[in-house]
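Open the model in your viewer and keep the selection tool ready. This tour moves from one selection to the next.

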Amino acid sequence: MSYNNIESNFSSGIATITINRPNKLNALNRDTIQELHEAFDEANNDKDTKVIIITGSGEKAFVAGADISEFADFNVDDGGNLAAQGQKILFDFVENLNTPVIAAVNGFALGGGLELAMACHFRVASTNAKMGLPEVSLGVIPGYGGTQRLPQLVGKGRAMEMVMTAGMIDANEALNYGLVNHVVELNELLPLCEKIAGRIMRNSSVAIGKAIKAINANYKDGKDGYKVEIEQFGKCFGTEDFKEGTTAFLEKRKANFPGK
Ligand code: COA
């Protein structure tokens with residue numbers, strides 16, 4: 001599929017999605033959000049795609065937020081719809097994919113940009129990355145899940161301070177906070193994400209999809225995560241991947257998982 005605001009490339013089991021509006025610091029306008037939905041959906045449905053990496057084009061920004069020019073004249077209903085639609089087709093959508101999604105944070109990740117990174121399964125940052133939720137400086141609050149996912153990742157007190165000050169933290173602070181898992185120089189960012197993806201790909205994609213579901217259940221209202229874990233654990237026993245994984249172990253050979 002071809003897109004106007006993003007690029008999606010596939011190589012050796014990895015789909016790399018690059019947001020490509022460098023002149024607007026990759027700000028998320030409506031079309032970009034829609035295209036991201038389609039690209040994530042396509043990669044998730046492709047049986048050969050084992051890991052998805054999302055990054056921003058250029059050396060300055062991952063994503064500098066939702067496109068402010070698009071919502072400046074919105075009313076109360078428009079604002080609510082913007083958040084609801086975005087959460088549904090992109091942020092919740094990404095979080096709930098079966099395929100692991102790594103955010104390669106290559107510069108500013110602000111507002112909707114940090115929210116997108118936080119919706120991914122984990123984050124790796126380059127040393128020049130800067131992260132924050134500056135919405136209150138615009139008279140609005142994070143609307144793409146930021147008020148929920150930031151405290152989950154960094155704790156309530158740090159999230160409160162970041163949101164209230166609208167300030168930015170650098171990559172090392174984000175590492176200390178647990179917001180990102182690794183920090184490397186910009187030129188090492190994608191290679192490191194690909195290396196981690198390679199380690200993920202050795203394992204059962206089917207089991208990983210079920211693990212994502214079980215881990216996510218801990219953060220969903222009304223869900224008993226332990227119960228979801230039991231269900232997903234049980235389901236693994238009916239999969240070809242389980243047969244192959246256990247047989248390979250007992251035969252002392254490397255597993256060759258049939259996959260998703
Ligand atoms: N929405 C729309 N356009 C944006 C944008 C956003 N969130 N972030 C950056 N841009 C645009 C700028 O308007 C500018 O466009 P122009 O060249 O047509 O005027 C271009 O991207 C480059 O940004 P600029 O502000 O000139 O770069 P900078 O290096 O001086 O500053 C930032 C970088 C990230 C500090 C600054 O762009 C910024 O504060 N962006 C908004 C961040 C934000 O509040 N995000 C949350 C939105 S809810």
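Which residue forms a salt bridge with Arg149? Select Glu95: the closest N and O atoms of the pair are 2.8 Å apart. Bear in mind that this is a predicted model. Arg149 sits in helix H5 (residues 146–154) and Glu95 in helix H3 (residues 76–95), so the pair ties together parts that are 54 residues apart in sequence. Both Arg149 and Glu95 are buried.

Lys220 is in the loop between H9 and helix H10 (225–236), so its pairing with Glu95 in helix H3 links parts 125 residues apart in sequence. Lys220 is partly exposed, at 29% relative accessible area, whereas Glu95 counts as buried at 14%.

Next, select Arg253 and Glu244. Their side chains meet in a salt bridge of 2.8 Å, N to O. Arg253 is partly exposed at 35% relative accessibility; Glu244 is buried at 16%. Now show Asp92 with Glu95, Arg149 and Lys220: salt bridges with shared partners join these residues into one network. The whole structure has eight salt bridges.

Move to Ile208 in helix H9 (residues 205–217). Its contacts beyond four places in sequence are Asn98, Pro100, Ile200 and Asn203. Pro100 is 108 residues away along the chain, yet the C-alpha atoms of Ile208 and Pro100 are separated by 7.7 Å.

Finish on the surface. Lys195, Arg199, Arg202 and Lys254 gather in a patch of positive charge. Arg199 belongs to helix H8 (residues 186–201) and is exposed, at 54% relative accessible area. Then select Ile68, Leu138 and Val140, which make a nonpolar surface patch of about 240 Å².

Methods
Residues are numbered from 1 along each chain as its sequence is written. This is a predicted model: local features need pLDDT of at least 70, side-chain atom pairs count only at pLDDT 80 or more; totals for chains, interfaces and linings use all residues. Side-chain values use heavy atoms; hydrogens and water are left out. Patches are made of residues with over 30% relative accessible area and no salt bridge: like charges are joined within 9 Å, nonpolar side chains (Val, Leu, Ile, Met, Phe, Trp, Tyr) within 5 Å. Accessible areas come from the Shrake-Rupley method with a 1.4 Å probe; for residues, only the protein chains shown count as cover. A salt bridge is a side-chain nitrogen of Lys or Arg within 4 Å of a carboxyl oxygen of Asp or Glu. Lys and Arg count as positive and Asp and Glu as negative; His and the chain ends are not counted. The place of a charge is taken as NZ of Lys, CZ of Arg, CG of Asp or CD of Glu. Helices (H or I, at least four residues) and strands (E, at least two) are DSSP runs, numbered from the N terminus. Buried means under 20% relative accessible area, exposed over 50%, partly exposed in between (1.4 Å probe, protein chains only). Contact means heavy atoms within 4.5 Å.
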